[in-house]
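Trainee: Could you walk me through this one while I have it open on the screen?
Mentor: Gladly, let us go through it together.

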Amino acid sequence: MPHWNGIVVAGTIDELKARFRDQDGRLKPPTQVEDELRESASPCEVVVSWESGKYNRRASVTIICPDDHADHGREVLEEFGAHQIRQLKSSPEKERE
């Protein structure tokens, strides 16, 4: 199962404003951003971990996809403007390496 991980920063560049801001220009709550990530990443599993700090809008996002959707996680991370995108491996995959 391909695992993709990246850092998503809510509210960054103009092209991504619709992803992270509501119609009034306010930042969407983290749960709404996470719901939209899950919807875009379906049928993959999504794990979102937000960094501490009331005004910190950075999240580590891992998307775990079935083999028949191998690159979908990377594509979703790119769609959300993620940085430091990398492919990860499960423990059994790492042992077979």
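Mentor: One definition to begin with: rings of Phe, Tyr and Trp (its six-membered ring) pair if their centres lie within 6.5 Å, and planes under 30 degrees apart count as stacked, over 60 as edge-to-face and the rest as tilted. Keep in mind that this is a predicted model, in which local features need pLDDT of at least 70, side-chain atom pairs count only at pLDDT 80 or more, and totals for chains, interfaces and linings use all residues. Residues are numbered from 1 along each chain as its sequence is written, and side-chain values use heavy atoms, with hydrogens and water left out.

Trainee: OK, how many aromatic pairs does a search of the whole structure find?
Mentor: It finds one aromatic pair. The ring centres of F20 and F80 are 6.1 Å apart and the planes are at 70°, so the pair is edge-to-face.

Trainee: And which parts does that pair tie together?
Mentor: F20 belongs to helix α1 (residues 17-20) and F80 to the loop between α3 and β4, so the pair ties together parts that are 60 residues apart in sequence. Helices here are DSSP runs of H or I with at least four residues, strands are runs of E with at least two, and both are numbered from the N terminus.

Trainee: Are F20 and F80 buried or exposed?
Mentor: Both are buried, where buried means under 20% relative accessible area, exposed over 50%, and partly exposed in between (1.4 Å probe, protein chains only).

Trainee: What lies over the face of F80?
Mentor: That is R19, at 4.3 Å from the ring centre. A charge sits over a ring if NZ of Lys or CZ of Arg is within 6 Å of the ring centre and within 35 degrees of the ring normal. The charged end of R74 likewise sits over the ring of W4, 5.8 Å from its centre.

Trainee: Switching to the sheet, what order do the strands have?
Mentor: The sheet is open, with four strands in the order β2-β3-β1-β4 and antiparallel pairing. The edges are β2 (45-50) and β4 (83-88), each with a single partner strand, so one side of each has no neighbour in the sheet. Two strands pair if DSSP finds at least two bridges between them.

Trainee: Why is β3 largely enclosed by the rest of the structure?
Mentor: Five of its seven residues are buried, so β3 is largely enclosed.

Trainee: Last topic, where does K28 lie?
Mentor: K28 is in the loop between α1 and α2, and with a relative accessible area of 8% K28 is buried. Leaving aside neighbours within four places in sequence, K28 is in contact (heavy atoms within 4.5 Å) with several residues, including F20, D22, E36 and R57.
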